[in-house]
Amino acid sequence: MMIVQQLRVEDLHVSKDQVRTTFDDEALDDLARSLKERGQKVPIKVKPNSDGYEIIFGHRRVAASERAGIKTIWAMVEEISDQEALVQQILENETRESVPYLEKARGYRRLLNKSGSTIGEISKLVGVPEWTVADAVAVIDG
């Protein structure tokens, strides 16, 4: 069951499987200003862990909230497996144009390793052509 609640930013932790590692500083500053002036419009998604909550998606919103000095953030909280969390991260990143190709490729590789699925199964799961996953994984594998 998923619930939406307000969480303390200090209780949120980057996912150990987070594939998106680059954020544009200027864009984060803009997002921080927007959050401070207009508030948060879309909740992030987290899963509970022993240290608080692991961010599934919404890492930029959390980083921008920290920059803005915002102490709490709205989050969808759901108990899900690490594999399902990774799938949801990848699906969220597929809709973002600004996610670098190599970061998407790392996500596909991690999902292949964690799930034991085939490239074809991953492509269906995330809704991209099979060649997209195969080419990306080939880049990561060298």
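**How we know what we say about this fold**

User: What share of the 142 residues of the protein count as buried?

Analyst: The share is 43%. Keep in mind that this is a predicted model. A residue counts as buried when its relative accessible area is under 20%.

User: Okay, so why is Leu-111 called buried?

Analyst: Leu-111 has a relative accessible area of 0%, and the cut-off for buried is under 20%. Leu-111 is therefore buried.

User: Where does Leu-111 sit, and what is it in contact with?

Analyst: Leu-111 belongs to helix H4. Setting aside neighbours within four places in sequence, its contacts are Gln-83, Leu-86, Val-87, Ile-90, Gly-116, Ile-122 and Leu-125. Take Leu-86 from that list: 25 residues separate it from Leu-111 along the chain, yet their C-alpha atoms are 6.7 Å apart.

User: Why is Ser-34 called partly exposed?

Analyst: Partly exposed covers what lies between buried, under 20%, and exposed, over 50%. Ser-34 has a relative accessible area of 23%, so the label is partly exposed. Ser-34 is in helix H1, residues 25-38, and its C-alpha is 9.2 Å from that of Ala-64, 30 residues away in sequence.

User: And why does Asp-25 get the label partly exposed?

Analyst: Asp-25 comes out at 47% relative accessible area, so it is partly exposed too, given that exposed begins over 50%. Asp-25 is also found in helix H1. Its C-alpha lies 28 Å from that of Asn-49, 24 residues away in sequence.

User: How do you know whether the span of helix H3 agrees with its number of residues?

Analyst: Helix H3 runs over residues 82-94, which is 13 residues, and at 1.5 Å a residue it should span 18 Å. The end C-alpha atoms of H3 are 18 Å apart, so the two values agree.

User: Which residues of H3 are buried, and what do they pack against?

Analyst: The buried ones are Ala-85, Leu-86, Val-87, Gln-88, Gln-89, Ile-90, Glu-92 and Asn-93. They pack against strands E3 (44-49) and E4 (52-57), plus helices H2 (59-68), H4 (101-115) and H5 (119-126).

User: How many helices and strands are there, and in what pattern?

Analyst: The protein has six helices and five strands. Along the sequence, the pattern reads β-β-α-β-β-α-β-α-α-α-α.

User: How do you know whether the radius of gyration agrees with a compact globule?

Analyst: For 142 residues, a compact globule would come out near 14 Å, and the protein has 16 Å, which agrees. Along its principal axes, the C-alpha trace spans about 45 × 35 × 20 Å.

User: What share of the contacts joins residues at least 24 apart?

Analyst: Counting contacts between residues at least 6 apart in sequence, that share is 77%.

Definitions and conventions:
Residues are numbered from 1 along each chain as its sequence is written. This is a predicted model: local features need pLDDT of at least 70, side-chain atom pairs count only at pLDDT 80 or more; totals for chains, interfaces and linings use all residues. Side-chain values use heavy atoms; hydrogens and water are left out. Helices (H or I, at least four residues) and strands (E, at least two) are DSSP runs, numbered from the N terminus. The radius of gyration is taken over C-alpha atoms; the globule rule is 2.2 Å times the number of residues to the power 0.38. Buried means under 20% relative accessible area, exposed over 50%, partly exposed in between (1.4 Å probe, protein chains only). Contact means heavy atoms within 4.5 Å. The expected span of a helix is 1.5 Å times one less than its number of residues.
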